[in-house]
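Subject: Structure handover

Hello,

I am passing this structure on to you. Please look through the sequence and the model first; my notes follow below.

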Amino acid sequence: MSNSSSIDFKGRVAIVTGAGGGLGRQHALALAARGAKVVVNDLGGARDGSGGSVSAAQAVVDEIKAAGGEAIANGASVTDFEAVQAMVQQAVDAWGRVDILVNNAGILRDKSFAKMELADFKLVVDVHLMGAVNCTKAVWALMNEQKYGRIVMTTSSSGLYGNFGQSNYGAAKLALVGLMQTLSIEGAKNDIRVNCLAPTAATRMTEDLFPKEMLEAFRPEAVVPAMLVLAAQDAPNRTILCAGAGTFEAAHITLTQGAWLGIDADTPEQLAARLSEVTEREGEAVPQSGTAQGANEVAKGMANAKRG
Ligand SMILES: NC(=O)c1ccc[n+]([C@@H]2O[C@H](COP(=O)([O-])OP(=O)(O)OC[C@H]3O[C@@H](n4cnc5c(N)ncnc54)[C@H](O)[C@@H]3O)[C@@H](O)[C@H]2O)c1
């Protein structure tokens with residue numbers, strides 16, 4: 001089932017965070033197998049973020065080298081901006097540039113919102129959101145100077161659509177979509193493309209959620225093609241690509257056409273009565289920036305002013 005041109009990373013330098021296991025390990029192996037020099041970052045902690053050791057990252061580096069690839073290990077926590085800056089410097093010292101950043105590191109602290117401690121909320125936001133912010137900030141100037149960059153944010157269906165017990169994780173994961181929306185606009189002039197990946201895979205993070213017979217189908221390798229497309233030279237910009245078990249989808253943040261109701265004392269009642277018209281999805285758009293909402297509102301307001 002192919003004829004398409006191959007995706008090649010020869011001469012490219014990639015950083016993959018949280019690449020000591022799970023999806024990140026597969027991302028790093030695949031990038032290296034297609035020619036990229038890879039910084040394999042991993043704190044090496046437990047699923048809830050406790051503990052740490054560089055040995056998880058080093059094991060993946062050893063695997064890449066054994067297969068003839070180039071890689072270096074890094075044990076920084078993505079939450080530590082100075083350590084992240086040092087990681088980027090490590091890549092620049094070794095290979096002179098950073099072309100690809102895959103923000104993949106993550107932890108879970110699941111609990112219903114009623115039972116969740118704020119400390120567990122903050123920690124999850126810190127690792128997923130600020131971890132990606134730290135790594136992106138540390139490569140941003142470099143990518144702008146190079147006039148080339150590919151950044152992949154790892155979001156989640158839990159952020160896009162919600163999941164019981166994951167208010168902290170979901171909030172952090174959807175925040176990454178918000179980060180991507182603006183960075184993809186700001187980076188475009190220097191060919192920095194920023195996209196999101198929403199994976200489904202059986203890893204230590206999710207293994208207890210999958211029935212045994214599904215574990216093979218949901219192996220992390222099945223997500224990797226989506227990451228490779230988002231990291232490639234021909235990557236799209238501002239796409240939310242979903243992937244799992246060989247199926248690929250896209251998620252969109254849309255804006256309905258809406259209805260102009262004016263600004264009257266009974267507008268709340270009118271809005272309540274016409275809510276289904278306002279939320280009607282026929283004719284909805286995927287705005288290219290936040291100004292689209294205001295533009296739609298101005299257009300509808302002007303049209304009604306003319307009529308009145
Ligand atoms: N597995 C899924 O179905 C699924 C679904 C949606 C999103 N995700 C996301 O995919 C990414 C990878 O998850 P996974 O399923 O492979 O889980 P995983 O637990 O196997 O991998 C996460 C890795 O991140 C590392 N890590 C954690 N905190 C870190 C920190 N502060 N600094 C550096 N490294 C750190 C861990 O040591 C671990 O190796 C995560 O961002 C996760 O939220 C996974």
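The shell around the ligand divides into 10 nonpolar, 20 polar and 3 charged residues. In this count, Ala, Val, Leu, Ile, Met, Phe, Trp, Tyr, Cys and Pro are nonpolar, Asp, Glu, Lys and Arg are charged, and the others, Gly among them, are polar. The model is a predicted one: local features need pLDDT of at least 70 and side-chain atom pairs count only at pLDDT 80 or more, while totals for chains, interfaces and linings use all residues. Residue numbers start from 1 along each chain as its sequence is written.

Of the 33 residues around the ligand, the nearest are Gly18, Gly22, Ala105, Gly106 and Thr203; a residue is near a molecule or strand if its C-beta atom, placed from the backbone, lies within 6 Å of it. Two elements give two or more residues to the shell: helix 1 (22-33) and helix 4 (118-146). Helix 1 supplies the largest share, 3 residues. Helices (H or I, at least four residues) and strands (E, at least two) are DSSP runs, numbered from the N terminus.

Next, the chain as a whole. Its secondary structure comes to 10 helices and 8 strands. A compact globule of 308 residues would have a radius of gyration near 19 Å, and the 21 Å of the chain agrees with that; the radius is taken over C-alpha atoms, and the globule rule is 2.2 Å times the number of residues to the power 0.38. Along the principal axes, the C-alpha atoms fill a box of roughly 75 × 45 × 45 Å. Of the 308 residues, 39% count as buried. Buried means that 20 or more other C-beta atoms lie within 10 Å of the residue's own, exposed means 12 or fewer, and partly exposed is in between, with C-beta atoms placed from the backbone. Among contacts between residues at least 6 apart in sequence, 66% join residues at least 24 apart; two residues are in contact if their C-beta atoms, placed from the backbone, lie within 7 Å.

The 8 strands form an open sheet in the order 3-2-1-4-5-6-7-8, with mixed pairing; two strands pair if DSSP finds at least two bridges between them. Strand 3 (70-74) and strand 8 (247-251) are the edge strands, each pairing on one side only. From one strand to the next, the twist averages 20°. Axes are lines fitted to C-alpha atoms, for helices over the stretch in contact, and angles run from 0 to 180 degrees between N-to-C directions.

Strand 1 (residues 13-16) runs parallel to strand 2 (residues 37-41), and 4 bridges join them. Valine 16 has valine 40 in strand 2 as its bridge partner. Helix 1 packs on the sheet and touches strand 1, strand 2, strand 3, strand 4 (100-103) and strand 6 (192-199); its direction makes about 170° with that of strand 1. Strand 1 also pairs with strand 4, in the parallel sense over 3 bridges, and alanine 14 has isoleucine 100 in strand 4 as its bridge partner.

Strand 4 and strand 5 pair in the parallel sense over 4 bridges. Across this pairing, valine 102 stands opposite valine 152 and asparagine 103 stands opposite methionine 153. In a regular strand the side chains alternate between the two faces of the sheet. In strand 4, Ile100 and Val102 point one way and Leu101 and Asn103 the other way, and all are buried. In strand 5, Gly149, Ile151 and Met153 point one way and Arg150, Val152 and Thr154 the other way. Because 6 of the 6 residues of strand 5 are buried, the strand is largely enclosed by the rest of the structure. Helix 7 (residues 224-231) lies across strand 1, strand 4, strand 5 (149-154), strand 6, strand 7 (240-244) and strand 8, at about 145° to strand 5.

Last, some loop residues. Most residues other than glycine have a negative phi. Lysine 147 has a positive phi, near 55°, and sits in the loop between helix 4 and strand 5. It has 10 C-beta neighbours inside 10 Å, so lysine 147 counts as exposed. Arginine 238, in the loop between helix 7 and strand 7, has a positive phi near 70°. Arginine 238 is buried, with 20 other C-beta atoms within 10 Å.

Regards
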